[in-house]
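Hello,

Here is the structure I said I would pass on. My notes on it follow below.

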Amino acid sequence: MNWILLIIAGLFEVAFAACLGKAKETSGTEATYWYLGFLVCLAISMVLLVKVTQHLPIGTAYAVWTGIGAVGTVLMGILVFNEPATFWRLFFITTLIISIIGLKLVSN
């Protein structure tokens, strides 16, 4: 269950980064809503991270959380914000995914 909560926390990290990206593209009331979405996603992500670190090693949990956030944010940038999908970006994202899986496999 803790690993599932950690994945959800990582997805909320992706969501708060996406909210920042959308807020940057808008103005006025719409930007305010995106910033509020950022704060809500940030709070949920942090609360879940704190909860799982009570049961999982902090180093592993934090690395997986940031890894999910990094991979998800790069993919979000490519798919939603039209950022370039170069060979090297995809190569290093792939190595990051492999590292996240490796941490899961070697953690108790």
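**Surface, fold and core**

The protein chain exposes about 6700 Å², and 73% of that comes from carbon and sulfur atoms; accessible areas come from the Shrake-Rupley method with a 1.4 Å probe, and for residues only the protein chains shown count as cover. This is a predicted model, in which local features need pLDDT of at least 70 and side-chain atom pairs count only at pLDDT 80 or more, while totals for chains, interfaces and linings use all residues. Residues are numbered from 1 along each chain as its sequence is written, and side-chain values use heavy atoms, with hydrogens and water left out.

The protein chain has four helices and zero strands, in the order α-α-α-α from the N terminus. Helices (H or I, at least four residues) and strands (E, at least two) are DSSP runs, numbered from the N terminus. The C-alpha atoms fill a box of roughly 50 × 35 × 15 Å along the principal axes.

Of the 108 residues, 33% are buried, meaning under 20% relative accessible area (1.4 Å probe, protein chains only). The largest nonpolar core has 17 residues, of which Leu6, Val52, Leu56 and Val64 touch the most other members. Such a core is a set of buried Ala, Val, Leu, Ile, Met, Phe, Trp, Tyr and Cys residues joined through side-chain atoms within 4.5 Å. α1, α2 (28–52), α3 and α4 (87–106) each give two or more residues to this core, and α3 gives the largest share, seven residues.

Leaving aside neighbours within four places in sequence, Leu6 is in contact (heavy atoms within 4.5 Å) with residues including Leu49, Trp65 and Ile68.

Regards

How values were computed: Buried means under 20% relative accessible area, exposed over 50%, partly exposed in between (1.4 Å probe, protein chains only).
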